[in-house]
Amino acid sequence: VNGYAVPFGQQPYAISYEIVTPTIFIDYPFGGESFVPGTIEIIRWTANDDDVNTFTIQYSDNNGATWQILNAAVAATSRNFSFTIPSNISNHGLIKVTRNITGVTAQSSFNFSVLGQPDVTPSNICEGYINLDWPGVNGATSYDIFMLKGDSMQVIANTANNFYLVKGLNITKNYWLAVAAKNGLITGKRSLAKFVTPTSGP
């Protein structure tokens with residue numbers, strides 16, 4: 001260590017240092033998300049090294065009991081990967097990212113789910129009533145019915161059927177309604193909300 005511009009002769013000094021262990025952290029999916037089969041999500045991670053070795057990206061649908069390799073040679077400088085969500089329904093999804101050769105690895109902090117998104121069709125059967133219909137979602141055990149109240153979509157009912165009759169609506173008001181599939185206690189992605197006015201029937 002060479003001192004520079006020390007104004008008063010010799011002075012005591014201390015050298016401090018920190019050993020930074022190479023680490024990887026998965027930013028997304030963190031956990032708690034619900035993904036729709038067939039859609040594309042961007043896996044994102046950070047790595048605090050300049051290692052030249054590539055990455056292996058893996059997916060588990062059973063909480064890490066088994067892993068499927070998505071890509072075993074992602075560029076060393078990459079920090080994201082396009083992941084096409086598989087068709088298998090799961091409440092226990094995880095992503096793992098591993099630096100090849102060194103074995104430095106990380107996985108999602110919590111589970112994410114994979115479940116379909118309903119495609120809802122509303123119909124105005126009579127004044128004050130709106131009927132919602134949708135094709136069944138693979139793996140769904142029930143469906144939550146949502147209505148916009150204030151500034152948020154709130155659950156107003158749950159059904160095991162592929163239809164639901166919303167009753168007691170004001171014929172002078174407009175409503176936003178949506179449906180989300182559930183697999184046990186896990187709720188999937190909500191359908192696109194439908195704007196309806198329960199003024200009259202067919």
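Guide: Searching the whole structure turns up two salt bridges, a term that requires a side-chain nitrogen of Lys or Arg within 4 Å of a carboxyl oxygen of Asp or Glu. The model is predicted, so local features need pLDDT of at least 70 and side-chain atom pairs count only at pLDDT 80 or more, while totals for chains, interfaces and linings use all residues. Residues are numbered from 1 along each chain as its sequence is written, and side-chain values use heavy atoms, with hydrogens and water left out.

Start with D49 and R99, whose side chains form a salt bridge at 2.5 Å from N to O. This pair connects distant parts of the chain, 50 residues apart. D49 sits in the loop between β3 (40-47) and β4 (55-60), whereas R99 belongs to strand β7, residues 90-99 (strands are DSSP runs of E, at least two residues, numbered from the N terminus). Both D49 and R99 are buried (under 20% relative accessible area, with exposed over 50% and partly exposed in between, using a 1.4 Å probe and protein chains only).

Now turn to K182 and D144, which also form a salt bridge, with 3.8 Å between the closest N and O atoms. Here too the pair links distant parts of the chain: K182 is in strand β15 (residues 175-183), D144 is in strand β12 (residues 142-149), and they are 38 residues apart. K182 counts as buried because its relative accessibility is 15%. D144 has a relative accessibility of 7%, so D144 counts as buried.

Methods:
Helix = DSSP H or I, 4+ residues; strand = E, 2+ residues; numbered from the N terminus.
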